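Thanks for asking me to look over this structure with you. Have a look at it yourself, and then read my notes alongside.

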Amino acid sequence: LIYPLTAWVLEKSIQQCHQWLQEGQPASIAVNLSARNLMDETLPELIANLLEQYAVPANILELEITESALMTDPNRALLTLESISKLGVQLSIDDFGTGYSSLAYLRRLPVQTLKIDRSFISSMLNSVQDEVIVNSTIQLAHNLGLKVVAEGVENEELFIRLRLMGCDYAQGYHIGHPMPLQLLEMWLKD
């Protein structure tokens with residue numbers, strides 16, 4: 001079911017971006033991909049067709065993949081990601097730090113963003129080791145020319161500490177809770 005489900009989610013997401021663009025409110029959107037999606041040789045063509053159909057610039061779409069999904073078949077995943085990257089779609093590694101990928105492999109990937117897993121973020125105020133891991137990951141990512149997103153930012157203190165470390169973006173309940181589309185549009189306007 002993952003193939004038709006992913007196709008449906010991609011179309012609905014790109015369609016929503018098109019609507020926002022028509023309303024003069026450009027916003028990017030991120031879609032998670034599974035390991036099986038990375039093995040699908042038709043995925044880049046599907047994405048290209050949807051972007052063209054809805055006249056959405058490729059850089060508005062971000063695809064998130066986990067380290068573990070990348071390691072299922074690294075060479076095949078790399079080919080798929082390179083094809084998607086050539087379209088101009090943004091790629092990010094989700095839950096960074098929880099998988100088993102090597103730094104050598106990381107530097108070969110055509111990704112623009114690392115998303116540091118919430119397990120490190122949520123405990124970094126109480127764990128010197130986790131704070132060192134988060135800070136080191138931010139510095140490593142920046143040295144590789146990548147942006148960094150901290151996942152699981154639940155309070156102002158974490159938000160401020162991450163900002164002082166140079167973290168580019170944050171996501172979590174401190175910023176906003178999951179919400180239906182209508183509430184999201186109101187939240188974005190506010």
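The points below cover a pair of helices and then a pocket.

1. Before we start, please keep in mind that this is a predicted model.

2. Let's begin with two helices, α3 (residues 43-53) and α5 (residues 74-86). Their axes come within 9 Å and cross at roughly 15 degrees. Angles under 35 degrees count as roughly parallel, and α3 and α5 are therefore roughly parallel to each other. The crossing of this pair, α3 with α5, is right-handed.

3. Which residues of α3 and α5 meet? From α3 come Leu-43, Pro-44 and Ile-47, and they meet Thr-80, Ser-83 and Ile-84 of α5.

4. Now find the largest pocket, which has a volume of about 1,300 Å³. It is lined by 34 residues, and those closest to its centre are Ala-30, Glu-64, Lys-115, Ala-170 and Gln-171.

5. Which elements give two or more residues to the lining of the largest pocket? They are the strands β1 (29-32), β2 (61-66), β4 (113-116), β5 (147-151) and β6 (169-171), together with the helix α10 (181-189). Of these, β1 gives the most to the lining, with four residues.

6. The residues lining the largest pocket divide into 17 nonpolar, ten polar and seven charged.

Key:
Residues are numbered from 1 along each chain as its sequence is written. This is a predicted model: local features need pLDDT of at least 70, side-chain atom pairs count only at pLDDT 80 or more; totals for chains, interfaces and linings use all residues. Side-chain values use heavy atoms; hydrogens and water are left out. Axes are lines fitted to C-alpha atoms, for helices over the stretch in contact, and angles run from 0 to 180 degrees between N-to-C directions. Angles under 35 degrees count as roughly parallel, over 145 as roughly antiparallel, 65 to 115 as roughly perpendicular and the rest as oblique. A crossing is left-handed if the near helix is turned anticlockwise from the far one by less than a right angle, and right-handed if clockwise. Contact means heavy atoms within 4.5 Å. On a 1 Å grid over the protein atoms alone, a cavity is a set of points where a 1.4 Å probe fits but cannot get out, and a pocket is an open set with protein on both sides within 12 Å along at least five of seven lines; lining residues have an atom within 4 Å of a point. Grid points are joined across faces, edges and corners, and a volume is the space filled by probe spheres set on the points. Ala, Val, Leu, Ile, Met, Phe, Trp, Tyr, Cys and Pro count as nonpolar, Asp, Glu, Lys and Arg as charged, and the others, Gly among them, as polar.
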